[in-house]
Amino acid sequence: GTVVSLHERGLEDLLPAATLESLFPEPIRVWRVPGALPRSWVVGCSRTADRGDAIQALVDPAFDPAREVILPTDGSGSACGPAGESRVAVLRADRVELEVDAAAAGFVVLADAWDPGWRVAVDGRAQPLLRANVAFRAVAVPAGRHVVVMRYRPPAVLEGLALSVVASLLAAAILLRGRRPGSRRS
């Protein structure tokens, strides 16, 4: 919803919010983006498109991200249009918790980067994380009130943790073996 720049050219459609002094010769300009979507929202309509077709759909003037989401797989959404409300309740680097009130079955879209390391649960039940609009995250939700929790658990971190535990156990075994009575030390 906000843009920061050192220039005005090309930003004529934005609303000036503030001008601040800077270390640069130009002042820092802060702009508001009219009609910007919130960080999280609910839609009831989806369409399926692969990456190239999805990018084309995103730049199509008929595409309305407030009403529809583009998914790489079939999403089976309900009637097109805003399908409820979503609020970010917890926001941390490795966890996002959303409070959702869906008027109909649809999708919660989060304008944060999609990554395969994210795990999602709706009301405590694991659900597939969907790549939304090429770069964002989404999850299907039924009608009603729900809590959606996204946790970042990339496989590399878990593999590194397992490797560290094994290495620590081996190191402990070697140390204990060297300290047993009757063992020889060089």
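Start by selecting Leu98, Val100, Val108, Val139, Val141, Val148 and Met150: of the 16 residues in the largest nonpolar core, these touch the most other members. A nonpolar core here is a set of buried Ala, Val, Leu, Ile, Met, Phe, Trp, Tyr and Cys residues joined through side-chain atoms within 4.5 Å, and buried means under 20% relative accessible area (1.4 Å probe, protein chains only). Now color strands S8 (95-102), S9 (106-110), S10 (118-122), S13 (136-141) and S14 (144-152), which each supply at least two residues of this core. S8 gives the largest share, 4 residues. Strands are DSSP runs of E, at least two residues long, and helices are runs of H or I, at least four, numbered from the N terminus.

A quick word on the model: it is predicted, so local features need pLDDT of at least 70 and side-chain atom pairs pLDDT 80 or more, while totals for chains, interfaces and linings use all residues. Numbering runs from 1 along each chain as its sequence is written, and side-chain values use heavy atoms, leaving out hydrogens and water.

Next, click Val141. Leaving aside residues up to four places away in sequence, Val141 touches Val100, Phe107, Val122 and His146, among others; touching means heavy atoms within 4.5 Å.

Then hop to Trp41, Val43, Leu71 and Ala132, part of a second, separate core of 9 residues.

Finally, zoom out. The protein chain has 2 helices and 14 strands. Its C-alpha atoms fill a box of roughly 80 × 55 × 35 Å along the principal axes. Buried residues make up 30% of the 186.

Notes
Buried < 20%, exposed > 50% of the residue type's maximum accessible area, 1.4 Å probe, protein only.
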